[in-house]
Amino acid sequence: MLFRYSSLFLFLLTVVSCTQKSQVPIADERSESNDKLLIEPLACHFISPINLPFDLAGSFAEPRTNHFHSGIDIKTNKVEGYPIFAVADGFISRIKISPFGYGKVVYVEHQNGYTSVYAHLQKFNKLLDSLALSYMYANQTNEIDIVLEKNKFKVKQADTIAFSGNSGGSTAPHLHFEIRETVSEMARNPLDFYSSDMFVDSTKPSIQKIIIKEFFNENFVLDTMNVYKASDFVTQNSSVVYVQQPYFTFAVQGYDKQNELSQNKNGIQKIEVFERNSLLFEYDIQKIDFNSTRACNVFFDYNYYLHNKNVYAYNCFQLTNNTLPIYTNQNKKIYTILPNDTMFLTIYAYDYNQNKTVHYINVCHRKNNYVKNEIAKIINKRLVSASQKDSVVVGNFKIIWNKNTFYDKQYLHYDVDTTKQKFIVQLYKDETPLHNSAEIVINNSTLKNKYKLCVVLENDNKKNYLSTTVHNDNFIAQNKELGKFYLDYDTIALTISTVVFKNNQFSAFIEDKQSGILTYNLYVDDKWTPIYYDAKNNSIQSYTSIKGTKLKLVVIDKKNNISTYEK
């Protein structure tokens, strides 16, 4: 099999390079004049990437954990295998195969300044498939990320470049389709590039709940949270909401449907908040910057999301370190209200087609006897800043963070469970992940076989074994979530089950519940053979039809525990 692809690979060596770092297309060096190549969207004359209507399972820029959705998800009738077309002339600039994320994905660069992206594919066309296989065999790797030389693999508009699928992080068959500015690498709404009859949204956004949080001070020390039915706030004379504290924020839980029969609850593109005629808050998502997309975790109410079946509530305020380029300059960080005063707030929610929903909230500050601030009772606490580097040391535990790790001033509280040797560090009444990684250091000189130890993060009885380095007696991990940290051994090999070799196809299930899978390799008659790993299903299958009598599957986890299946 290796000889079969050797001549093609020798040719590809002149046009292919590989990267494992970038999540977006790598821009070639260009003169400044190339920025002017960007053509206005509707002048691009893109065709549809698939011969199906734009019936969307996911809309552009709707919130997701840790990121915004950077494209549109086009439904494929719950099946795989639809031809995927190049939306315009150009060249294949990148192909990638991964167990996670986009799975199998193709990037096409166009001469108008844009790059189109086609993800969660079932398979590539024959040329790209041969290219991928050649690289796999030459490097004996099942995961690839190949950036191709400019104009080497040209395509014409309507050429079939791949077939729709369900690979990577996809939870159902569909086409994830993106359009990015090639030079800036900013994602644009693909719908901007098509006429209005390609996407019909006939319903206005639906607001279900309004969540109001009260704070003792401007450091976001939470007092109470109350949830109201949005249906109570549909007129200007709606019921009054009374708050006892002088500081509050609010979020709106809602979604947008494409039509009344649609089962998919997609994102709300724009929200405005006015006090009488004065704009207090606005977001409007026209582009997505991949460098700042993680701040999506404070674009919506993360705690509400965790405890309400993953439902999104859109925050109508902007924290200091939330630098997403989707806001106006005058946005509120926190709302302040004087005793016995009333704020008359109007909320406008828009979808992509400018269908609009309006709600009215009248917030009155009724000053009663304040409940004592519970943060004062916490002994081990630290007021952290969004703009400063700092650390906390408790016994043999340490957490270190750089500036821009937190989103605003907040209280961090921490403790040590000496019996179980667990380091507990959390934000006060807030489970929002950090924007950048903090470093966790655990010192322990008594434990043996140290290279089998991992720093573990535990939250709600869920364990996450972190990638851990060992320096002397320090065990070091980087992580963007807080919780309970401790050391645990990973000496257990992963499981290989449900192995099937039939009709020249191989499949199996592999699972590791601790440090995670590092490598997975299949050998047929002692020759390396490519396989595809679907992480969401813990499944692997042969990439091509294989022939042979002797099989060997070797899977290694991140602590070098080895599992082998032979037949």
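Close-up 1. F54 and Y194 are both buried (buried means under 20% relative accessible area, exposed over 50% and partly exposed in between, with a 1.4 Å probe and protein chains only). This is a predicted model, in which local features need pLDDT of at least 70, side-chain atom pairs count only at pLDDT 80 or more, and totals for chains, interfaces and linings use all residues. Residues are numbered from 1 along each chain as its sequence is written, and side-chain values use heavy atoms, with hydrogens and water left out. The count of aromatic pairs comes to 25. Rings of Phe, Tyr and Trp (its six-membered ring) pair if their centres lie within 6.5 Å; planes under 30 degrees apart are stacked, over 60 edge-to-face, the rest tilted. The F54 and Y194 ring centres are 5.3 Å apart and the planes stand at 80 degrees, so this pair is edge-to-face. F54 lies in the loop between β1 and β2, and Y194 in the loop between β15 and β16, so the pair ties together parts that are 140 residues apart in sequence.

**Close-up 2. A tilted pair, F250 and Y335.** The ring centres of F250 and Y335 are 5.4 Å apart, with 40 degrees between the planes. F250 belongs to strand β19 and Y335 to strand β24, 85 residues apart. Strands (E, at least two residues) and helices (H or I, at least four) are DSSP runs, numbered from the N terminus. F250 is buried, at 1% relative accessible area. Y335 is buried too, at 0%.

**Close-up 3. Strand β20 and its partners.** Five of the six residues of β20 (270-275) are buried. Two strands pair if DSSP finds at least two bridges between them. β20 and β21 (278-284) run antiparallel, joined by six bridges. V273 has F281 of β21 as its bridge partner. Two residues separate β20 and β21 in a hairpin, and R276 in the turn has a positive phi of about 55 degrees. β20 also pairs with β25 (342-350), again antiparallel over six bridges.

**Close-up 4. A ring cluster.** Ring pairs link F68, F281, Y283, F299, Y314 and Y327 into a cluster.

**Close-up 5. Charges over rings.** A charge sits over a ring if NZ of Lys or CZ of Arg is within 6 Å of the ring centre and within 35 degrees of the ring normal. The charged end of R366 is 3.8 Å from the ring centre of Y242. K422 lies over the face of Y486, at 4.7 Å from the ring centre.
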